Amino acid sequence: MASAAPLKKIQEISTCMLCSNLLAHPVSLDCGHSYCNLCMWVFCTKDPLLKEFLCPQCKFPFNRNSWKHNKHLERIIEVFEQMEKMQYKAQCKAHGEKLQLLCEHDGQLICWRCEREPLHLGHSTVLVEDVCQVYKDKLQKAVAKLSDIHTECMNQKIFMTTQITEWQKEIAIRKRKVKMDFEKLHTFLCEEENLYLWRLENEEEQIVRRLRENEVKLQEKSEEIKSHIEELQATCQSSAQRLLQDAEDTLSRASAVQLEAPEALSLEVQTACDVAELYLDVKVMLRRHQVSVTLDPGTAHPALILSKDRRHVSYGSSQQNPVVLSGRFAILPCVLGCEGFTSGRHYFEVDVGEGTAWDVGVCMENVQRGLGMKQEPESGFWAIRLCTGNGYVALTSPITALQLPERPRVVGVALDYETGAVSFYNMTSGSHIFTFPKASFSDTLRPYFWVYQHSPLFLPPCNE
């Protein structure tokens, strides 16, 4: 009988480095190293776009499917397996006898003495040699089934990769078209261009993210199937006793493997932009999102006077609202609009008339309204100002001087909550005034006004 040391040496030579099992249908590369045929196939399909690969052991380059079936090594492995079977003698722990029988009732290997004991008395038993091939055939069928599932899984993964590439190409085409259209229009349309590009990128990100999730799930399922295949192959290559010891459990787990179809996603771009149709008239474009704004007396500084319809506000000579409320502006003569914005696009207009000073914009609902109030984006304010002596400025930090070619009588305020954009327009001429750098809103925004003496503000209804 062969000694253990040579058998161990032969086993090391006959072991696949990729799966750590005996080589199954061994194939050899040009460098001389050998691997299981299935292991090499899986190794080369991890990245379906590559055409040249490196040997896992020596890094020698080889092409896909350039390996050759090593029949000589396969025969050596077959002889080794026969020697290993002769070397291995499974014995009953209770009686020391050879395990020659399979109790079909309990699915256990037993000896002839176990068969006569009460535990197995009356159970159906068969010789190991008689039933081994039956179970081996079942295991091989399970391997074939899982191989088919694995092939389908990899094909779906390749298709998913192609879908991602095609989707990104389609988005790139749409981006180029949007840019070409917007280059033909006025300065204010640059902000609209960025808005639509952001929406396309957001749409791309969402779909690609879901496609990649499908891709990851397929990769995980691929690894799971591969693991089952390797387990079944290892069981098939073991001795009869080892094969039968856990065959039923192995088959049960293998048959439970299923491949679920990935989530079907529509690859139609939802963001549509026809620049010529939508934006040749700035006023029409902005007023598609117009909302009716009224003033909130609960926030008004005590010196401010509000009309009954709450659309007109002026600075009084004495306190008109002496009651001090927690929501009022206590130091500066400011007031908020009643309307709150938490999402979407909104636009409203403010008739500033011939006023010599005013602040118009939006602010967070929870801004400071007493001492320490700072009108800047970091404190929750996005507004522009006309002030005596300094002209028009945007209340950035530090402030930004605005050079306007003509004086606006009506100021338009446009808010896009999701993109974090606050823009201002001269609605007398339909020209763009200023857009604040993109912000990230997380609270309710409300219209904001600072009213100066002799400079009343009026909020026209939507239909004017």
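The protein chain folds into 10 helices and 21 strands, and the model you are looking at is a predicted one. Along its principal axes, the C-alpha trace spans about 115 × 55 × 40 Å. A compact globule of 464 residues would have a radius of gyration near 23 Å, while this chain has 39 Å. Here is a short tour, from the whole chain down to single residues.

**The chain as a whole**
- The domain assignment divides the chain into domain 1 (1–88), domain 2 (165–279) and domain 3 (283–458).
- Between the centres of domain 1 and domain 3, taken over C-alpha atoms, lie 76 Å.
- Of the 464 residues, 44% are buried.
- The accessible surface comes to about 24900 Å², and carbon and sulfur atoms account for 51% of that area.
- Among contacts with a separation of 6 or more, 64% are between residues 24 or more positions apart.

**A helical stretch with an annotation**
- An unreviewed UniProt entry annotates residues 201–235 as a "coiled-coil region".
- In the model, residues 201–235 are 100% helix and 0% strand.

- Strand β14 takes in residues 381–387, and seven of its seven residues are buried.
- In a regular strand, side chains alternate between the two faces of the sheet.
- On β14, Phe381, Ala383, Arg385 and Cys387 point one way, whereas Trp382, Ile384 and Leu386 point the other way.
- Strand β13 (residues 358–364) runs antiparallel to β14, and six bridges join the two.
- Strand β15 (residues 391–394) also pairs with β14 in an antiparallel fashion, through four bridges.
- Arginine 385 is a handy landmark: aspartate 359 stands opposite this residue, and its bridge partner in β15 is valine 393.
- β14 and β15 make a hairpin with three residues between them. Glycine 389, in the turn, has a positive phi of about 100°.

**A look at lysine 283**
- Lysine 283 belongs to helix α10, which covers residues 282–287.
- Setting aside neighbours within four places in sequence, lysine 283 is in contact with Met427, Thr428 and Gly430.
- Glycine 344 is 61 residues from lysine 283 in sequence, and their C-alpha atoms are 19 Å apart in space.

Key. Residues are numbered from 1 along each chain as its sequence is written. This is a predicted model: local features need pLDDT of at least 70, side-chain atom pairs count only at pLDDT 80 or more; totals for chains, interfaces and linings use all residues. Side-chain values use heavy atoms; hydrogens and water are left out. Buried means under 20% relative accessible area, exposed over 50%, partly exposed in between (1.4 Å probe, protein chains only). Two strands pair if DSSP finds at least two bridges between them. UniProt positions are given in the numbering used here, feature names are shortened, and annotations may be inferred rather than shown by experiment. Domain bounds come from an automatic or database domain assignment. Contact means heavy atoms within 4.5 Å. The radius of gyration is taken over C-alpha atoms; the globule rule is 2.2 Å times the number of residues to the power 0.38. Accessible areas come from the Shrake-Rupley method with a 1.4 Å probe; for residues, only the protein chains shown count as cover.
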